[in-house]
Amino acid sequence: MIKNTRKHPAAIDLDRRTFLKGAALGAAAMALPPADADAGFLESFFQKHFREMSDEEIKKVIDRLEKDYSKQFSKEVKVKATKPMENVVFGYGLDIGRCIGCRKCVQACVEENNQSRDPQIQWISVLKMKKGAKMADFQTADKYYQPEQVPEPGYFYLPVQCQQCEDPPCVKVCPTKATWKEKDGIVVIDYNWCIGCRYCMAACPYGARRFNWGTPNVPAEQLNPNTHYLGNRPRPKGSVEKCTFCIQRTREGRYPACVEACPVGARKFGNLADPNSEIRKAMEHFRVFRLKEDLNTKPQFFYFFGVKSNRAEGGK
Amino acid sequence: MKKMKAVFFTLLAATALSVFLIQSGVQAQPQAEQVAKQQPKQTAAKPLVHAPDTVTPAPKMAFFPCSQCHSAMPVNKKERALTFHTEITLKHMPTGWCYSCHDEKNRDKLKLANGDLIDYNDSALLCGQCHGASLKEWQDGVHGKRTGMWNGKKVYENCLSCHDQHQPAFKAIKPMPAPERPEKIIYKKKK
Amino acid sequence: MTTALINFFKDITNIFKGGPKYYMLMGILGAILAVGLGAYYLQVDRGLIITAMRDQVAWGFYIANFTFLVGVAAAAVLLVIPAYLYKFKPIKEVVLFGEIMAVTAIIMCLLFIMVDVGRPLFVWHMLPVIGTINFPASLLGWDFFVLNGYLAVNLAALGYALFCYSQGKPYSLKILLPIVIFSIPMAFSIHTVTAFLYGAVKARPFWNVSILGPRFLASAFCSGPALMLLVFQALRKYEKVDIEDKAIFKISEIITYALGINLFFLFVEIFTDFYSHTLNGASMHYLFFGIDGKTNLVPFIWTAVVLNLAAFAIMLTPKYRYNYKTLNIALVMMIIGVYIEKGMGLVIPGQTPDPLGEIYEYMPTTPEMLISIAIWALGAMIFIALTKFALPKIKAAKNFDH
């Protein structure tokens, strides 16, 4: 394995000075906090698991985070910890007959949820798939399509994000219980409790989880200051994140950002426990299916074909 | 062949229409033409959307009310290249012309196939004459776009928010940039 | 008690004694370690972005090494079984070296996990009581217990035997035997649990196969003891440790069977995937033939297959197995073969193509490799230090009969 290494673009130039510095500081690095840690370091180091904290403790943590973030981004950042609503289980519907693959949802998601711009993190992957190809064979899919215009003739599009499984494999494998399923069906992560082992990423059948390989970077002027502790607050380097159905919006009754951004209305959202909700109506109207049903993860994310095909010009 | 096609589509439209009319409780007439010949009624149909706290945005119209100009103009039913509304290209049904949907006398109203006149704000009813299933789906919230609150006040985007009534097929658009390939995600020094 | 402890630890100075060659060796290992620490500093500072791991392939070279090393840790138990269950005396005398190797391998395993996690400072979240270990749901929780348990058992057996030696008396089998016997199921469990770590992942059909556990055990019984046989010969040559040929040949015989079984399991897997030709076979196809011209792993896996087959052929022939020259060639071939097959050859194709069909060709970066090599260097240093510490006691113990 060692000899035949091709040069990876991430193989940064390691000059000798780095090494001398490194050799001296290496040992310290293992024991000491990173250089950018501030006085609140000890507090955050000993911070308890979100679910083990009392409401008062959560409030204290949130106060600290709000102060930290506000300082870091030089503007007022709100962190909420809105609890799940009673008798609400969120469900999502996506009409792949209509999706035109424009990635407006991706863009809206990045902006709403403060995903790192560089290194780039995007929670939604839109797959371009050939009509008539094996649907279960994702190898025929292309995530990096960049034509002049979408939809392209002969293709359909399949956006994939966290499926908020009823039986989530990621939750099962997490060694620290840092990710769990909330009462309203949202699978959340306590970014402060995650150790970054990435077992959940190996376990997710939908490739929905993202890791902060480097320090996440969101320009202050683009930061969405309305955040939720389990959602779109700024994340630390080395932790895992993913779609939360826009927990900061949906727990207050609003639609997720991707639903509102979709120009063709292909995205449906609502309360599965309410027979009159849009998602329940969609399930009645259309033949819905879920991704990789054979794995029995029971996603709360349903796909359906609302029309025979995307009818955009060129999409015929 | 072309004629056959036209007949077929007319029949199809008539079927869809009658289904819709039965559904909405209006007495269906055996012949669509007969319906059109009846005296126009001024009553609008049932409210479009029953849910409380909903808003349907009004269509954006540059020259409303239309009667400003049209009341002084003679009615010209001939299919022709328009000299004024040049932005309009009709690419919708296989047959039909302005007066399939616009009322020739009352320019500020739309005309249903049964002769009922409706407000421009209720244009969904007009679309629903042929696209009955879509109208129902739209009323249920499974067709079209909604914004606002999933459990409260929301905006139901109209048919016309997304479809151009005169050429309803979606225009292809430029997609947002593709994600970065994993090879391109590398450490960069902070500015 | 104090004198006993002093007696026990007095050989610690032995670590710093040795000829120029010894100092040179330790110096080189130390230098490699320092370079790796530098790379690790960089990784802590910039994040795991300096590795080639990405969302598509979230586990890489570190976890591959971890997986291989869990196998190496089996070395000890392969000595324990013939020595204590079958009372094979020549091996009994070298069991302690096997335990030193097991201890070293487990420490290296834990280090590879530590360098792999994104937030190493917070690993305490995984501890029982003070953290919130997800036991029994998470197989990583299980791995935490069995790896540390195996480490503790081996340290206990090693510590107890050496302590007795330092008192100038043989160990009591009444105390040692239960510990040693307990280490047998523990050794099996570290492999099974580590195999289940992968096998539990239904998202990755390449891992989610029931043969994985048996395959882990079989390959562990090849690579670990093979490495140990080479070490034995080095000890015999440089430290004048008395190790009988009989012990070495007995172990090499066991290795041969294990290698044969390992090859058979691999064949079974290849057959099932290629014959049934379902979409789940994509990873296997990527590994052996590449997909769409993406063939990074292909030369490696074929090298591994050829090396393992050749090693098996050599070992199967008694004439060559009893010849140190050919035996050692076979052992080296086998170690490299298993290292590829069970390291990168298991971890990477499991994630390629990723669950959404994307193929990202992972190949470790320089810093990633430097950190891994440094852990190997540190492992070598730990092994040498422990051996240096134990040697005088073990040699002294030759004077009295157990």
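Modeller: Start with pairing. Two strands pair if DSSP finds at least two bridges between them. Helices (H or I, at least four residues) and strands (E, at least two) are DSSP runs, numbered from the N terminus. This is a predicted model: local features need pLDDT of at least 70, side-chain atom pairs count only at pLDDT 80 or more, and totals for chains, interfaces and linings use all residues. Residues are numbered from 1 along each chain as its sequence is written, while chains are lettered from A and ligands numbered from 1 in the order in which they are written.

Biologist: What makes E2(A) and strand E12 of chain A a pair?

Modeller: Four bridges join E2(A) to E12(A), residues 301-304. Pairing needs at least two. The two strands run parallel. Gly93(A) stands opposite Phe302(A).

Biologist: How do you know that E2(A) also pairs with strand E10 of chain A?

Modeller: There are five bridges to E10(A), residues 267-271, in the antiparallel sense. Again, the definition asks for at least two. Tyr92(A) stands opposite Phe269(A) here.

Biologist: Why is E2(A) called largely enclosed?

Modeller: Because six of its six residues, 90-95, are buried. Buried means 20 or more other C-beta atoms within 10 Å of the residue's own; exposed means 12 or fewer, and partly exposed lies in between, with C-beta atoms placed from the backbone. In a regular strand the side chains alternate between the two faces of the sheet. Both faces of E2(A) are covered: Phe90(A), Tyr92(A) and Leu94(A) on one side, Gly91(A), Gly93(A) and Asp95(A) on the other.

Biologist: What makes Asn114(A) buried?

Modeller: Asn114(A) has 24 other C-beta atoms within 10 Å. The cut-off is 20 or more, so the label holds. Asn114(A) lies in the loop between helix H4 (104-112) and E3 of chain A. Its phi is positive, about 50 degrees, although it is not a glycine. Most residues other than glycine have a negative phi, and most peptide bonds are trans.

Biologist: Which peptide bond ending at Pro151(A) is cis?

Modeller: The bond from Val150(A), with omega near -5 degrees.

Biologist: How do you know that chain C touches chain A?

Modeller: Contact means that two C-beta atoms, placed from the backbone, lie within 7 Å. By that test, 61 residues of chain C are in contact with 63 residues of chain A. H2(C) gives the largest share of chain C's side, 11 residues.
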